[in-house]
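Have the structure open beside you as you read.

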Amino acid sequence: MDYYNNKSNQDNNNNQVDYKHLIPRKNGYVFKFIKKDNDFIHTFAEGDFLEKIGLSPACIIGKTLHDFSPEDQANQKQCFYEIAWNGNSVNYEGGANGYHYLASLTPLIIDSQVVEVVGTAIDITDYWKNVTKIQDLEKLSLIGELAAGIAHEIRNPLTSVTGFIKMILERSNDATTNEYLKIVLHELSQINTIVNQFMFIAKPKETMEIIHTDIKALISRVIEFMKPQANLKGLNFFEFISSDSIFTAQCDPNQLTQVLMNLIQNSIEATTDPTQKIVISLKNINDDSFLIELTDKGSGILPERQKRLFEPFYTTKEKGTGLGLMMCKRIIENHNGTIEVNSQLGEGTTVRIILPKAFNHHQKRD
């Protein structure tokens, strides 16, 4: 999806531009256009960056914006092109195919008449990634402060209420009352889970206990624990694929278990066909790292939602908190690992987790 931020300058350019000197080699592209019959026709396009954003000179030269851009993007660019054709330089930001670029339009003016416009674009993807990362860190810091205060205020009264409900349940002989009390305890347990999530957001590394862990055995235990949840939906099949080699790593087994349970629960909720298996595979990547991959054939995720999955408080579930996947990402990143989600609507979802086998706990705590 393209987006644009117009920063128009009213400076006229009366000098001819030698566009050949403007062609970026690996990190951009250059293009030219003229106005003909109230439309803009591209007369030149060159640069390796074109391929990255899913274009080529052949699909640009001799074509209008509407020939190779979505309607909304073409209309927006058309406005910038018009400004440039009127003799003003234009800068705007755009994005396509997961890349971001900064484009500039420079009118070539001869005898006070614009005869063509030269455009250049440079790759600013790394810059945008850094900006996004800083924004995420600032957001998490703010949420952490909020979480610490909320968790502290809720935890103590929650513990007291839970304790009194258990005492009443032990002394009650009325079956109907007992059922109601069990429902109350279950709901209090849900609240406690959310409080624990807030506590983790506030101090994610303080609870880490790194030990030598058998990853294959850990995944097997998680699958056995989650089978009843699958059975409630009529899903009877998990498939665990792993070689005979021993998979051991330095990690926090409790936190890794929490990640896997969360991901499996998501797969269970997304899968409606009881004949489809939820597949978990464990593979060695090299001597230093390993891969855990979870695949389901569930409902999948819309592309626009996929981009926001790890944002705090963003959820696609009716009763979700929007903290589960964010916590998963923080846990994996605190282990110096990576997590990514690839999903196709109506076809299913694959989650890939790459973790190091050895972990410098002291380095992460500093």
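The points below cover a helix pair, the aromatic rings and a few loop residues.

1. Ground rules first. This is a predicted model, so local features need pLDDT of at least 70 and side-chain atom pairs count only at pLDDT 80 or more, while totals for chains, interfaces and linings use all residues. Residues are numbered from 1 along each chain as its sequence is written, and side-chain values use heavy atoms, with hydrogens and water left out.

2. Start with helix α6 (residues 215-232) and helix α7 (residues 253-270), which pack at an angle of about 40° with their axes 10 Å apart. That makes α6 oblique to α7 (angles under 35 degrees count as roughly parallel, over 145 as roughly antiparallel, 65 to 115 as roughly perpendicular and the rest as oblique). The axes are lines fitted to C-alpha atoms, for helices over the stretch in contact, and angles run from 0 to 180 degrees between N-to-C directions. Helices (H or I, at least four residues) and strands (E, at least two) are DSSP runs, numbered from the N terminus.

3. Which residues of α6 and α7 make the contact? On α6, they are Ile215, Leu218, Ile219, Val222, Phe225, Met226, Gln229 and Ala230. On α7, they are Pro253, Leu256, Thr257, Leu260, Met261, Ile264, Gln265 and Ile268. Contact here means heavy atoms within 4.5 Å. By class, the contact of α6 with α7 has 13 nonpolar, 3 polar and no charged residues (Ala, Val, Leu, Ile, Met, Phe, Trp, Tyr, Cys and Pro count as nonpolar, Asp, Glu, Lys and Arg as charged, and the others, Gly among them, as polar).

4. Now the rings. Rings of Phe, Tyr and Trp (its six-membered ring) pair if their centres lie within 6.5 Å; planes under 30 degrees apart count as stacked, over 60 as edge-to-face and the rest as tilted. By this rule the count comes to 11 aromatic pairs. Phenylalanine 49 and tyrosine 101 are edge-to-face, because their ring centres are 6.5 Å apart and their planes at 80°. Phenylalanine 49 lies in helix α1 (residues 49-52) and tyrosine 101 in strand β5 (residues 99-110), so the pair ties together parts that are 52 residues apart in sequence. Phenylalanine 49 is buried at 0% relative accessibility, and tyrosine 101 is buried at 1% (buried means under 20% relative accessible area, exposed over 50%, partly exposed in between, with a 1.4 Å probe and protein chains only).

5. Have a look at phenylalanine 80 and tyrosine 92 too: this aromatic pair is stacked, 4.9 Å centre to centre with 20° between the planes. It links distant parts of the chain, with phenylalanine 80 in helix α3 (residues 71-85) and tyrosine 92 in strand β4 (residues 90-96), 12 residues apart. Phenylalanine 80 is buried at 6% relative accessible area, and tyrosine 92 is buried at 2%.

6. One aromatic cluster is formed by Tyr29, Phe31, Phe33, Phe40, Phe49, Tyr81, Trp85, Tyr99 and Tyr101.

7. Last, some backbone. Most residues other than glycine have a negative phi. Asparagine 38, in the loop between β2 (28-36) and β3 (39-46), has a positive phi near 65° and is exposed at 68% relative accessible area. Serine 112, in the loop between β5 and β6 (113-123), also has a positive phi, near 65°, and is exposed at 72%.
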